[in-house]
Amino acid sequence: MVRGYDQVEMAINSGANFKITGTHAGVMAGGGRASQMSLPDAAFFRSFCHTKNYAGKAAVSYFFPADAISCYKITELMANIDGCCYQRALRANVKALYKPEETFEVGGFKVVREGKDLVFVAAGYMVHECLRRRMNWRRRVRRPR
C-alpha cells in the first residue's frame, strides 16, 4: 500500500489532474462487521492541503462528506477542480443530513445544528456520532432554574 502513495505523490508533485475516492477507511463498524482499516489516507492527503502546487494553489483538495447527498455533490465539485482531489467516502448506512439542493464549496463548512451549550466540529461519519451524542448529553444535563 505504501508504494501506491509513492505513485500518488509523484502525480501530485507533477501537477496531474486526477481524482481519488477512498472508501471503507477509518475505525467504524458498518456493512455487518467492524473495519480494520487505518487512518493514514487522511494524514497523507491532508498533508498536501497545506502545500502549494505549481499554480500556487493547494496541492490537494480534501473532502470528507457526511452523507450520500454531500458525497454526490462533492463528486460533482471535484470533477470541476483542476488538480488532485481526494474524497473519503462513508461506509456506514447513515441518514441524509442535507437537502438535494444544498451547495458545497472548496474550503467550506456547514452548521448542521445550532445551540448555545457546546460546539462539535466533525467530518464524515463523526458528524452523525456527534449529533447522536449531543442528544444524549442534552438528556442528561439538568439546567438550574
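Modeller: This is a predicted model. Three strands form an open sheet in it, ordered 1-5-4, with parallel pairing.

Colleague: What makes strand 1 and strand 4 stand at the edges?

Modeller: Strand 1 (19-22) and strand 4 each have a single partner strand, so one side of each lacks a neighbour in the sheet. Neighbouring strands here are turned by 15 degrees against each other on average, direction ignored.

Colleague: How do you know that strand 4 and strand 5 pair?

Modeller: Pairing takes at least two bridges between two strands. Strand 4 and strand 5 (residues 84-88) are joined by four bridges and run parallel. The pair therefore meets the cut-off of at least two. Within it, Ser61 stands opposite Cys85 in strand 5.

Colleague: Why is Ser61 called buried?

Modeller: Buried means under 20% relative accessible area. Ser61 has 12% relative accessibility, so Ser61 counts as buried. Ser61 lies in strand 4. Leaving aside neighbours within four places in sequence, Ser61 is in contact with Ile81, Cys84, Cys85, Tyr86 and Val106.

Colleague: And why is Tyr54 called exposed?

Modeller: Exposed means over 50%. Tyr54 is at 62% relative accessibility, so Tyr54 counts as exposed. Tyr54 lies in the loop between helix 2 (40-48) and strand 4.

Colleague: Which residues is Tyr54 in contact with, leaving aside its neighbours within four places in sequence?

Modeller: Gly15 and Asp82. Gly15 is 39 residues apart from Tyr54 along the chain, yet their C-alpha atoms are separated by 6.7 Å.

Colleague: What lies across the strands?

Modeller: Helix 3 lies across strand 1, strand 4 and strand 5. Helix 3 runs at about 170 degrees to strand 5.

Colleague: Now the largest pocket. What is its volume, and which residues are closest to its centre?

Modeller: The volume is about 1,200 Å³. Of the 43 lining residues, Phe109, Lys110, Val111, Val121 and Ala122 are the closest to the centre.

Colleague: Which elements give two or more residues to the lining?

Modeller: Strand 4 (60-63), helix 3 (68-79) and helix 4 (125-140) do. Helix 4 gives the most, with six residues.

Colleague: How does the lining of the largest pocket divide by residue type?

Modeller: The lining holds 25 nonpolar, eight polar and 10 charged residues.

How values were computed. Residues numbered from 1 in each chain as written. Predicted model: local features only at pLDDT ≥ 70, side-chain atom pairs only at ≥ 80, totals over all residues. Heavy atoms only, no water. 1 Å grid on protein atoms, 1.4 Å probe; cavity = no way out; pocket = protein on both sides within 12 Å on 5 of 7 lines; lining within 4 Å. Points joined across faces, edges and corners; volume = space filled by probe spheres on them. Nonpolar A, V, L, I, M, F, W, Y, C, P; charged D, E, K, R; others polar. Axes fitted to C-alpha atoms, helices over the stretch in contact; angles between N-to-C directions. Contact = heavy atoms within 4.5 Å. Buried < 20%, exposed > 50% of the residue type's maximum accessible area, 1.4 Å probe, protein only.
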